[in-house]
Amino acid sequence: MMKVSLIVAVDLEKGIGRDNDLMWHLPADMQFFKETTKGQIVVMGRKNYDSIPEKFRPLPGRQNVILTHNQSFQAEDCLVFHSLNDCFSHFKNENTRTIFIIGGGEVYRLALASELLQEMFITTVNKVYGADTFFPDFDESLWEKSKIGYHEADDKHEADFTFWHYKKK
Ligand SMILES: NC(=O)c1ccc[n+]([C@@H]2O[C@H](COP(=O)([O-])OP(=O)(O)OC[C@H]3O[C@@H](n4cnc5c(N)ncnc54)[C@H](OP(=O)(O)O)[C@@H]3O)[C@@H](O)[C@H]2O)c1
């Protein structure tokens with residue numbers, strides 16, 4: 001049975017990005033993202049894909065999947081779907097790899113509305129960045145939340161941040 005998870009980092013206002021870019025450089029969170037999604041399937045919106053510098057995409061060691069309404073969109077070594085449901089249908093018999101929804105805001109919104117989303121990894125960054133794109137509100141009472149890590153601010157990390165795991169009740 002297919003497993004659908006989501007991974008995101010948010011600031012104190014639930015901001016996730018500005019000007020189609022990330023707002024912080026937090027190597028330990030990037031490392032957590034890399035390790036968690038390694039070998040899995042990563043599903044992203046076309047804007048998120050565009051925001052990744054060309055030399056870093058497709059994200060290595062993972063099946064990259066892009067959602068777009070544009071019927072002629074193509075990207076090397078990526079699968080392209082025109083709805084999240086088409087994507088889920090394609091992977092319905094996938095039982096080894098997890099499908100990770102990796103944003104941005106529009107695609108997180110689609111995922112949170114889906115019954116198939118079972119798990120979330122949310123990093124909360126302890127700072128306000130003035131985002132223009134946000135992680136949607138969701139009903140916390142539907143989720144079992146546990147703290148799985150913490151990273152202090154230091155010379156490489158301008159803010160401290162906490163790693164949370166959410167499991168659908
Ligand atoms: N902090 C984090 O963890 C994190 C993670 C990821 C991204 N981000 C940030 O998030 C921002 C981008 O987010 P965003 O909300 O602007 O864009 P997005 O969700 O990355 O992409 C939106 C695009 O996805 C496609 N799309 C959306 N709904 C669709 C549907 N139902 N069917 C098919 N395609 C669909 C459309 O592409 P077309 O226009 O081509 O049709 C739409 O323009 C950036 O600032 C990025 O840095 C932050």
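Helices here are DSSP runs of H or I with at least four residues, strands are E runs of at least two, and both are numbered from the N terminus. Keep in mind that the model is predicted.

**Stop 1: the ligand**

Select the ligand and the residues around it. The shell holds 28 residues. G17, G45, G103, G104 and G105 are the closest. Now colour the shell by residue class.

Next, show the secondary structure. Which elements each supply at least two residues of the shell? Three are strands: β1 (3–10), β2 (15–17) and β3 (41–45). Two are helices: α2 (46–51) and α4 (105–112).

**Stop 2: G103 and G104**

Stay at the ligand and zoom in on G103 and G104, two of the closest shell residues. Look at the bond that joins them. The peptide is cis, with omega at about 0 degrees. G104 sits in the loop that runs from β6 (98–101) to α4. Helix α4 is also one of the elements that supply the shell.

**Stop 3: R57 and P58**

Select R57 and P58 next. Here is another cis peptide bond, with omega at about -5 degrees. P58 belongs to the loop between α2 and β4 (63–67).

**Stop 4: N20**

Go to the loop between β2 and α1 (27–37) and pick N20. For context, most residues other than glycine have a negative phi. Is N20 buried or exposed? Count the other C-beta atoms within 10 Å: there are 12. The cut-off for exposed is 12 or fewer, so N20 is exposed.

**Stop 5: D77**

Move to the loop between β4 and β5 (78–81), where D77 lies. D77 is not a glycine either, yet phi is positive at about 60 degrees. How many other C-beta atoms lie within 10 Å of D77? The count is 9, so D77 is exposed.

**Stop 6**

Finish in helix α1 and select F32. This residue has 20 C-beta neighbours inside 10 Å. A residue is buried at 20 or more, so F32 counts as buried.

Key. Residues are numbered from 1 along each chain as its sequence is written. This is a predicted model: local features need pLDDT of at least 70, side-chain atom pairs count only at pLDDT 80 or more; totals for chains, interfaces and linings use all residues. A residue is near a molecule or strand if its C-beta atom, placed from the backbone, lies within 6 Å of it.
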